Amino acid sequence: MLKDKLKEWEQEMPEGLHEQFGECRYCGQSKMLHTAIPWSEEECNEAATEMCDCTQAKTYTSRKKRKENITGAITENFGEKAGMPLPDVETIMMAAVEAIAEERIGSVTISAGNIKCKISVTAKGAVRVTRAVTENNSVEV
């Protein structure tokens, strides 16, 4: 998120930062931003929205963070980091991120051979990304 990048820059290089202004897209409140490199107006407004305390901005920022977390979990479980990547499953799961994050869909499950892939919303509202591998040992005589 952009607001995290701003905090990091302020800690690493408190001097020599560019002063820019952004505006919350919901309430219009202006925020002064200190950026390491000049940002576009769109980026400044996005960062100001992420930092704003109005209800709509908080909801927006919470959903944005949730989407980033879900995307990271999918990449970790089904992408290159997984050791045994499942690119088709990753693509399908990424397509469902928006609907899952906004709780329009309760869960998505994909069976890929002996691997079951699932994204679901728990009773407490957390999102769970699961990759389950089943092993079958059977002998016919």
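Q: How does helix H4 lie relative to S3, S4 and S5?
A: Helix H4 (residues 87–101) lies across S3, S4 and S5 and runs at about 175° to S3. Axes are lines fitted to C-alpha atoms, for helices over the stretch in contact, and angles run from 0 to 180 degrees between N-to-C directions. Helices (H or I, at least four residues) and strands (E, at least two) are DSSP runs, numbered from the N terminus.

Q: What am I looking at, and how is it numbered?
A: This is a predicted model: local features need pLDDT of at least 70, side-chain atom pairs count only at pLDDT 80 or more, and totals for chains, interfaces and linings use all residues. Residues are numbered from 1 along each chain as its sequence is written, and side-chain values use heavy atoms, with hydrogens and water left out.

Q: Back to the sheet. What is the strand order?
A: S3-S4-S5, three strands in an open sheet with antiparallel pairing. Strands S3 (107–112) and S5 (127–133) are at the edges with a single partner strand each, so one side of each has no neighbour in the sheet. The twist averages 10° from one strand to the next.

Q: How many bridges between S3 and strand S4?
A: Six, in the antiparallel sense, with S4 covering residues 115–121. Two strands pair if DSSP finds at least two bridges between them. Val108 has Ile119 in S4 as its bridge partner.

Q: Which strands does helix H3 touch?
A: Helix H3 (residues 55–78) packs on the sheet and touches S4 and S5. The direction of H3 makes about 10° with that of S5.

Q: Where is Ile105?
A: In the loop between H4 and S3.

Q: Is Ile105 buried, exposed or partly exposed?
A: Partly exposed, because its relative accessibility is 33%. Buried means under 20% relative accessible area, exposed over 50%, partly exposed in between (1.4 Å probe, protein chains only).

Q: What does Ile105 contact?
A: Beyond neighbours within four places in sequence, Ile105 is in contact with Ala99, Ile100 and Val121. Contact means heavy atoms within 4.5 Å. Gly83 is 22 residues from Ile105 in sequence and 28 Å from it in space, C-alpha to C-alpha.

Q: New topic. Where does Glu50 sit?
A: In helix H2 (residues 41–51). Glu50 is buried, with a relative accessible area of 3%.

Q: What polar partners does the Glu50 side chain have?
A: Lys64 is one of them: a polar contact of 2.4 Å joins the two side chains. The backbone nitrogen of Leu2 lies 3.0 Å from a polar atom of the Glu50 side chain. A polar contact is a pair of N or O atoms within 3.5 Å; within protein, one must be able to donate a hydrogen and the other to accept it, and residues adjacent in sequence count only if both atoms are side-chain atoms.

Q: What else in H2 is buried, and what covers it?
A: Buried residues of H2 include Cys44, Glu46, Ala47, Ala48 and Thr49. Their cover includes helix H1 (2–12), strand S1 (18–23), strand S2 (30–35) and H3.

Q: Zoom out. How many helices and strands in the chain?
A: Four helices and five strands. From the N terminus, the elements run α-β-β-α-α-α-β-β-β.

Q: Is the chain a compact globule or more spread out?
A: More spread out, because the radius of gyration is 20 Å, well over the 14 Å that the globule rule gives for 141 residues. That radius is taken over C-alpha atoms, and the rule is 2.2 Å times the number of residues to the power 0.38. The C-alpha atoms fill a box of roughly 75 × 30 × 20 Å along the principal axes.
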